[in-house]
Every structure is written in C-alpha cells, then in structure tokens.
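Have the structure open as you read.

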Amino acid sequence: MDRSKLAESFALDNTATDIIEIKRRIKYENELDKGFRKKIAESAHGEKLYGCIQCGTCSAACPVSHYMDYTPRKIIQMVREGFKTEVLNSSTVWLCASCYACTVECPKGIKITDVMYALKREAISGGYKHKNFPASVLASNFFSQVLNNGRNSEGPLLLKIYLKTNPFMLFKNMMLGFKLWRRGRISMKTEHIKDKKALKKLLQSMDNMKEAAVI
Ligand code: SF4
Ligand code: SF4
C-alpha cells in the first residue's frame, strides 16, 4: 500500500504523515554499511578517523560548510557509522574545495581533506550522482577518456556531460560553443596518443602493484 493510501485509510492528518516521513529516514543497524568506514579509512590513510572527538573544529574552519547538507564533522561521524548512501549522495563531497583548512586545524590529526577525496572516488566508482553537481559525471567521463585515449578531448567531453546531465544547457550554450569552435579554441575531434596499448599496460601494472601492496 502506498503512503497516501495508508494515510487515507487511517485518516491521518498532515502531522501524522510528516511523522511517517521522519520515521522513514531512520536507519536500522543492519541497514548500515559497517565496512564503509574501513574502506574509507584505508583509502584516505585515515585510521585516525576512528579517533574523532566530534569537536566541530573542522566545520568551523571550513569556508563552505554553510552550503553543505552535512558539515565535515557530521560527514566524519556518518562515515564511521556506515551511512554510505547518505554520505555518497550528499553535496558535501562535491562542495569541498580541498583547501585543507579542516586538516590543518583538526586536533586529532585527521586528514579530512583526504577523506573527502576518498569519498569522491567512491562516489564516482559507485555511480552516485548529485543532481546539482555534475562533477561526478565530469570526473568519471574525464577519467575514462584519459584511460582509453591517453588524452582529454574537451569538445566530446563537454557534449557527453551536457547530454548526461542537462541537455537544455547544451542548446543554451550552443552559440558560444560554435564561436569557440570557429576560432579554433575548442575541437570536436577525439584526441589520442600513438601507443594506447602501452598506456593500458602501464596502468594495469600499477593496478597489479597496488593489489600486491594490499595483500
Ligand atoms: S576537527 Fe577533527 S576531531 Fe574535531 S570533529 Fe573534525 S574530524 Fe573530528
Ligand atoms: S578541505 Fe573541504 S571540508 Fe576541509 S575545510 Fe576545505 S572545503 Fe571544507
């Protein structure tokens, strides 16, 4: 039964439906991802993550914390508790400007900026997208272009990002793109290096070295 029908059948008023909504945001212990904090801590060289005392210095030092849906202090706690989906869907990860103010000020020496980078990588590899921040789409397409071709091609990259995030913006900026193209400032050609196979081999050997180091 959907929520509206449920509310109707129980003759619930607005307050009651709000309560249902609030209850739906509560997570049970078994819904949390307990391996998440370990993964992030390992990826961000951040075993110190476990020592956070929730003092809030990082949030106070952060120049953009007012615009984040969860402040850096909250993000650290949510990572430790295993709120993976909420963290990776949050705007915080994409708003972080990597200024390192939080890392410098943290009394427990937690590398919060590295944690933010680890979360960005995790969000990109897990396909998490934030509707207001196309940065994850930009990053994943940029990486796949560089991995496959050894070079970045701005024109095709922009086209892909617009089509995947906001096709209307493509029409809006079409004239500007055309002017840039006419002046030779942007190209629609896919650039690539001569020896793509050698690049793949090199990257593969780096992956193998990383795996061996973990084992
Ligand atoms: S400044 Fe450090 S110890 Fe304090 S809340 Fe932030 S991460 Fe935790
Ligand atoms: S590194 Fe990111 S989270 Fe830390 S203070 Fe700067 S913007 Fe805020």
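By class, how many nonpolar, polar and charged residues does the shell around ligand 2 have? It has 12 nonpolar, two polar and no charged residues. Ala, Val, Leu, Ile, Met, Phe, Trp, Tyr, Cys and Pro count as nonpolar, Asp, Glu, Lys and Arg as charged, and the others, Gly among them, as polar.

A word on the ground rules: this is a predicted model, where local features need pLDDT of at least 70, side-chain atom pairs count only at pLDDT 80 or more, and totals for chains, interfaces and linings use all residues. Residues are numbered from 1 along each chain as its sequence is written, while chains are lettered from A and ligands numbered from 1 in the order in which they are written.

Here are the two shells (a residue is near a molecule if its C-beta atom, placed from the backbone, lies within 6 Å of it).

| Ligand | Residues around it | Closest residues |
|---|---|---|
| ligand 1 | 14 residues | C52, C55, T57, C58 and C106 |
| ligand 2 | 14 residues | C62, C96, C99, A101 and C102 |

For ligand 1, α4 (57-61) and α5 are the elements giving two or more residues; helices are DSSP runs (H or I, at least four residues), numbered from the N terminus. That shell divides into nine nonpolar, three polar and two charged residues. Around ligand 2, α8 and α9 each supply at least two residues, and α9 gives the most, with three.
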